[in-house]
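Keep the sequence at hand.

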Amino acid sequence: MLAELENLIQLQQADREIQRLEEEIAALPRRVAAIEEKLAGTKAAVEKARATIKADEANRRKLESQIQDHQQKISKYRDQSLEVKTNEQYRALMHEISFAEQDIRKLEDKILEGMLEVELNEKTLKSAEAELKEETAEIEKEKEEARRVTTRDQQELATLQSRRDALRSGIGADTLRHYDRVAKLRRYALAEARDHKCVACQVMLRPQMYNDVRTNQQILICDSCQRILYYIPPAEPEPAATATAPTQTAQAS
Ligand SMILES: [Zn+2]
């Protein structure tokens with residue numbers, strides 16, 4: 001195989017691996033951010049449950065003091081009832097007492113309702129706190145994993161980048177320019193020729209062109225998609241038409 005073509009195939013492999021690593025490195029902070037967002041939501045739920053419980057308790061104290069007010073009123077009415085002169089006055093006081101007692105019962109019902117609500121909110125709080133604990137542990141693990149993978153990827157990336165630089169120096173300037181332009185436009189710039197077609201765009205190659213591509217001795221370009229074509233000989237041993245027998249297993253997906 002032409003050395004330049006060999007370099008191009010390896011360059012494409014390096015470029016695609018570099019792209020994969022760069023995408024992986026970029027995805028990790030996004031994953032951490034998503035968990036952090038969830039964590040913030042759980043924190044807010046914990047704070048809300050705590051605030052609700054506090055408000056309910058304050059409300060209960062208010063209701064209890066209202067009950068006390070009514071009880072004081074009742075005992076005042078009872079004292080007055082001992083000193084009244086007429087039945088009418090007495091009945092009026094008894095009326096006031098029964099109103100006050102009704103109010104107390106209403107307030108007691110409200111207190112009970114409030115207590116049930118506090119119970120419910122305490123349950124909510126407990127589960128939100130448990131969730132928070134779990135998510136906090138998860139995010140630490142996730143951050144640690146992100147750091148580990150990022151470090152590993154960056155090392156691999158550095159190796160690949162120097163390999164890419166070396167490969168590029170073994171390719172002619174015009175070919176390299178063509179490679180870069182097509183790679184930018186079509187994601188990858190090399191395509192396998194198989195069954196008389198360009199595998200990438202599926203357009204038939206002219207017979208002479210296909211024959212030339214099969215030698216792997218020239219830089220040939222697909223008329224349709226502009227990708228640089230190469231050929232992978234079938235696995236079974238054949239009388240080699242070319243000087244070298246490439247063992248290259250480049251993929252052209
Ligand atoms: Zn093509």
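**From the helices to the loops**

Helix H1 has 79 residues and spans 117 Å from its first C-alpha to its last, close to the 117 Å expected at 1.5 Å a residue. The model is a predicted one. H1 covers residues 3–81, and helix H2 covers residues 87–169.

How do H1 and H2 pack? Their angle is about 165°, and their axes lie 5 Å apart. An angle over 145 degrees counts as roughly antiparallel. H1 and H2 are therefore roughly antiparallel to each other. Their crossing is left-handed. The residues of this contact divide into 34 nonpolar, 15 polar and 30 charged.

Now look at burial within H1. The buried residues there are Leu 5, Asn 7, Leu 8, Ile 9, Leu 11, Gln 12, Ala 14, Asp 15, Leu 21 and Ala 49. What covers them? The cover includes H2, helix H3 (173–186), strand S1 (190–194) and strand S4 (228–230).

Two residues of H2 are worth a stop. Leu 132 sits in helix H2. Leu 132 counts as partly exposed, because it has 16 C-beta neighbours inside 10 Å. Setting aside residues up to four places away in sequence, Leu 132 touches Thr 42, Lys 43 and Val 46. Compare the distance to Arg 164: the separation from Leu 132 is 32 residues in sequence and 46 Å in space, C-alpha to C-alpha.

Lys 141 also belongs to helix H2. Is Lys 141 buried or exposed? Lys 141 counts as exposed, because it has 11 C-beta neighbours inside 10 Å, and the cut-off for exposed is 12 or fewer.

Next comes H3. This helix has 14 residues and reaches 20 Å from its first C-alpha to its last, close to the 20 Å expected at 1.5 Å a residue. Just after H3, Arg 187 takes a positive phi of about 70°. Most residues other than glycine have a negative phi.

Two further residues call for a check of phi. Gln 202 is not a glycine, yet it has a positive phi of about 65°. Where is Gln 202? It lies in the loop between strand S2 (197–198) and helix H4 (207–215). Gln 202 is exposed, because 10 other C-beta atoms lie within 10 Å.

Asn 216 is not a glycine either, and its positive phi is about 55°. Its place is in the loop between H4 and strand S3 (220–221). Is Asn 216 buried or exposed? Asn 216 is buried, because 24 other C-beta atoms lie within 10 Å, and 20 or more is the cut-off. So Gln 202 is exposed, whereas Asn 216 is buried.

The last stop is in H4 itself. Met 209 is found in this helix. With 18 C-beta neighbours inside 10 Å, Met 209 counts as partly exposed. How far is Met 209 from His 196, C-alpha to C-alpha? The separation is 9.0 Å, for two residues 13 apart along the chain.

Definitions and conventions: Residues numbered from 1 in each chain as written. Predicted model: local features only at pLDDT ≥ 70, side-chain atom pairs only at ≥ 80, totals over all residues. Axes fitted to C-alpha atoms, helices over the stretch in contact; angles between N-to-C directions. Helix = DSSP H or I, 4+ residues; strand = E, 2+ residues; numbered from the N terminus. Parallel < 35°, antiparallel > 145°, perpendicular 65-115°, else oblique. Left-handed = near helix turned anticlockwise from the far one by under 90°. Nonpolar A, V, L, I, M, F, W, Y, C, P; charged D, E, K, R; others polar. Expected span 1.5 Å × (residues − 1). Contact = placed C-beta atoms within 7 Å.
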